[in-house]
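This report is written for a reader new to the structure shown below. Please keep the sequence and the model at hand while reading.

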Amino acid sequence: MRQYVVDAFTDKVFAGNQAAVCVLDAWPAESLMMSIAAENNFSETAFVVHESDAPAGCYHLRWFTPGGEIDLCGHATLATAYVLLRFYEPDAERVEFDTLGGHLVVERRDDLLAMDFPAYELTPVPVTDAMEEAVGVRPLAAYMGRDLLCVLPSAAAVRDAVPDQDKVRELDGLLLHITAQGGGDEPYDCVSRSFAPKLAVAEDPVCGSGHCHIVPYWARELGKDDLFAYQASHRGGELRCQMRGDRVMLAGHAALYSVADLFV
């Protein structure tokens with residue numbers, strides 16, 4: 001089995017978010033995919049198959065965290081598109097994926113790869129003491145989609161936060177995202193971080209599906225559809241984002257770290 005490791009939402013290795021991408025001729029047992037994801041211990045390992053009845057350039061894509069399969073993942077989709085367009089479809093301008101999160105399209109856009117993702121509908125929820133205890137800062141506002149989105153007072157509060165993982169696990173939502181408006185000399189419209197202890201991932205270095213929550217919020221708050229977003233994990237990552245109705249365009253770079261054969 002051929003496996004690629006790609007750093008997504010960055011133009012250099014050792015930054016962005018690592019994803020392993022396994023390109024397959026047929027689906028292995030789900031238990032094997034789970035074991036590979038646990039062995040890699042990245043926030044996601046992607047498995048992709050071009051099935052015999054699929055049109056050219058259209059693949060079936062699944063994502064696994066060390067804690068189980070997930071329904072939507074941005075950085076591993078970007079990484080998979082990078083691998084396919086570099087090694088398998090070098091003359092193509094786009095690839096398409098059938099996934100648990102719906103039909104996704106990734107296309108070349110100058111030197112970036114741009115992904116068309118669904119936006120999550122956000123429902124305001126009360127700010128609670130439990131949120132403050134989990135994050136370490138009392139949020140200004142909170143919203144629920146698939147995940148919990150907490151708006152903090154400043155970008156510095158986002159960068160400096162040290163969430164309590166056990167208390168984050170007790171909050172509603174699959175993941176927790178903390179975000180604030182960009183400020184100072186930074187070029188970013190918003191700064192965010194993402195935490196997923198329910199999926200055995202303490203902090204997701206750059207979360208594409210999280211920005212399907214973050215971008216709709218800031219597009220509304222700032223009154224603009226085009227956003228430059230920064231994920232302020234220790235690795236860091238940049239996302240060029242655009243609201244398009246009920247869809248979010250997420251664009252970024254990717255860098256190849258390794259290519260290997262798995263003996264499984």
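## Cysteines and burial

Cys212 is buried, with a relative accessible area of 0%; buried stands for under 20% relative accessible area, exposed for over 50%, and partly exposed for what lies in between, with a 1.4 Å probe and protein chains only. The model is a predicted one, in which local features need pLDDT of at least 70 and side-chain atom pairs count only at pLDDT 80 or more, while totals for chains, interfaces and linings use all residues. Residues are numbered from 1 along each chain as its sequence is written, and side-chain values use heavy atoms, with hydrogens and water left out.

How many disulfides does the structure hold? The number is 0, where a disulfide is a pair of cysteine sulfur atoms within 2.5 Å. Cys207 is in no disulfide, and the nearest cysteine sulfur, that of Cys73, is 7.0 Å away. Cys212 is likewise in no disulfide; for this residue the nearest cysteine sulfur belongs to Cys207, at 8.4 Å. Cys207 is buried, its relative accessible area being 3%.

Cys212 is part of helix 6, which covers residues 211-222. Helices (H or I, at least four residues) and strands (E, at least two) are DSSP runs, numbered from the N terminus. The C-alpha atoms of Cys212 and Gly184 are separated by 25 Å, and the two residues are 28 residues apart along the chain.

Gly210 is located in the loop between strand 14 (201-204) and helix 6. With a relative accessible area of 0%, Gly210 is buried. From Gly210 to Ala26 there are 184 residues in sequence and 30 Å in space, C-alpha to C-alpha.

## Salt bridges

The structure holds 16 salt bridges. A salt bridge here is a side-chain nitrogen of Lys or Arg within 4 Å of a carboxyl oxygen of Asp or Glu. One of them links Arg138 to Asp129, with the closest N and O atoms 3.0 Å apart; Arg138 is partly exposed, at 35% relative accessibility.

Another salt bridge is formed by the side chains of Glu186 and Arg159, at 2.1 Å from N to O. Because Glu186 lies in the loop between strand 12 (176-181) and strand 13 (190-196) and Arg159 in helix 4 (residues 155-160), the pair ties together parts that are 27 residues apart in sequence. Glu186 is partly exposed at 28% relative accessible area, and Arg159 is partly exposed at 32% relative accessibility.

Asp166 and Arg169 also form a salt bridge, their closest N and O atoms being 2.9 Å apart. The two residues are 3 residues apart in helix 5 (residues 165-170), so about one helical turn separates Asp166 from Arg169. Arg169 counts as partly exposed, with 39% relative accessibility.

## Surface patches

Which residues gather in a patch of negative charge on the surface? They are Asp11, Asp110, Asp111 and Glu238. Patches are made of residues with over 30% relative accessible area and no salt bridge, like charges being joined within 9 Å and nonpolar side chains (Val, Leu, Ile, Met, Phe, Trp, Tyr) within 5 Å. Lys and Arg count as positive and Asp and Glu as negative, while His and the chain ends are not counted. The place of a charge is taken as NZ of Lys, CZ of Arg, CG of Asp or CD of Glu. Asp110 lies in the loop between strand 7 (102-109) and strand 8 (112-118), and this residue is exposed at 79% relative accessibility.

A nonpolar patch on the surface is formed by Phe87, Tyr88 and Val259, which together have about 260 Å² of accessible area, as given by the Shrake-Rupley method with a 1.4 Å probe, where for residues only the protein chains shown count as cover. Val259 belongs to strand 18 (residues 254-261) and is partly exposed, with 42% relative accessibility.

## Positive phi angles

Phe9 is not a glycine, yet has a positive phi of about 65°. Phe9 sits in the loop between strand 1 (2-8) and strand 2 (17-24), and is buried at 2% relative accessibility.

Ala200, although not a glycine, has a positive phi of about 65°. The location of Ala200 is the loop between strand 13 and strand 14.
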